[in-house]
Amino acid sequence: MANNPFAEFSLERAIGLRWTLRDIQARRLKLSPVSDEDLRLLTELGLVELHDDEPALTEAGAAVLGD
């Protein structure tokens, strides 16, 4: 994966963030709420944006999961 947005993180943290993206994509947020820290980080990375206070994947976020 040439352009890995999680390259600077530990393997465990990167896996956790990818699962968070999957939870957002599948709208499992009631079962698996996103932590404020994860949401802030994913937003800063440009992978998630808020729509009516609900997180949603950006094109870049969807591309990360498509790899």
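# Salt bridges, core and hairpin of a predicted model

Glu 44 forms a salt bridge with Arg 40, with 2.6 Å between the closest N and O atoms; the term denotes a side-chain nitrogen of Lys or Arg within 4 Å of a carboxyl oxygen of Asp or Glu. The structure is a predicted model, in which local features need pLDDT of at least 70 and side-chain atom pairs count only at pLDDT 80 or more, while totals for chains, interfaces and linings use all residues. Residues are numbered from 1 along each chain as its sequence is written, and side-chain values use heavy atoms, with hydrogens and water left out.

Glu 44 and Arg 40 are separated by about one helical turn, because they stand 4 residues apart in helix α2. Helices (H or I, at least four residues) and strands (E, at least two) are DSSP runs, numbered from the N terminus. Arg 40 also meets Glu 37 in a salt bridge between their side chains (2.6 Å, N to O); these two residues lie 3 apart in helix α2, so about one helical turn separates them as well. As to accessibility, buried means under 20% relative accessible area, exposed over 50%, and partly exposed in between (1.4 Å probe, protein chains only). Glu 44 is exposed, because its relative accessible area is 56%. Arg 40, at 37%, counts as partly exposed, and Glu 37, at 41%, is partly exposed.

The salt-bridge count comes to 4. One of the salt bridges joins the side chains of Asp 38 and Arg 13 (2.6 Å, N to O). This pair links distant parts of the chain, with Asp 38 in helix α2 and Arg 13 in helix α1, 25 residues apart. Asp 38 has a relative accessibility of 13% and therefore counts as buried, whereas Arg 13 is partly exposed at 28%. Side chains of opposite charge can pair when their charged atoms come close.

Which residues of α2 are buried? They are Asp 38, Leu 39, Leu 41 and Leu 42. Because they cover an arc of only 165° around the axis, they are on the same side of α2; the arc is that of the directions from the helix axis to the C-beta atoms. The buried residues of α2 pack against α1, β1 and β2. The face turned away from the buried side of α2 carries the exposed residues Asp 36 and Glu 44. After α2 comes Gly 46, which has a positive phi near 80°.

The largest nonpolar core has 15 residues, and Phe 6, Leu 17, Leu 21, Ile 24, Leu 42, Leu 47 and Val 48 have the most contacts inside it. Such a core is a set of buried Ala, Val, Leu, Ile, Met, Phe, Trp, Tyr and Cys residues joined through side-chain atoms within 4.5 Å. The elements that give two or more residues to this core are α1 (11–25), α2 (36–44) and α3, and the largest share, 4 residues, comes from α1. In soluble globular proteins, nonpolar side chains tend to be buried together.

Leu 17 touches Phe 6, Phe 9, Asp 38, Leu 41 and Leu 42, not counting residues up to four places away in sequence; contact means heavy atoms within 4.5 Å. A search of the whole structure finds 1 aromatic pair. Phe 6 and Phe 9 form this tilted pair, at 6.4 Å centre to centre and 55° between the planes. Rings of Phe, Tyr and Trp (its six-membered ring) pair if their centres lie within 6.5 Å; planes under 30 degrees apart count as stacked, over 60 as edge-to-face and the rest as tilted. Phe 6 counts as buried because its relative accessibility is 3%.

The strands complete this account. Strand β1 (residues 48–51) pairs with β2 in the antiparallel sense over 4 bridges; two strands pair if DSSP finds at least two bridges between them. Pro 55 in β2 is the bridge partner of Leu 50. β1 and β2 form a hairpin with 2 residues between them, and Asp 52 in the turn has a positive phi of about 55°. Thr 58 is located in the loop between β2 (54–57) and α3 (59–66). Thr 58 counts as buried because its relative accessibility is 14%, and Thr 58 touches Gly 46, Leu 47, Val 48 and Glu 49, not counting residues up to four places away in sequence.
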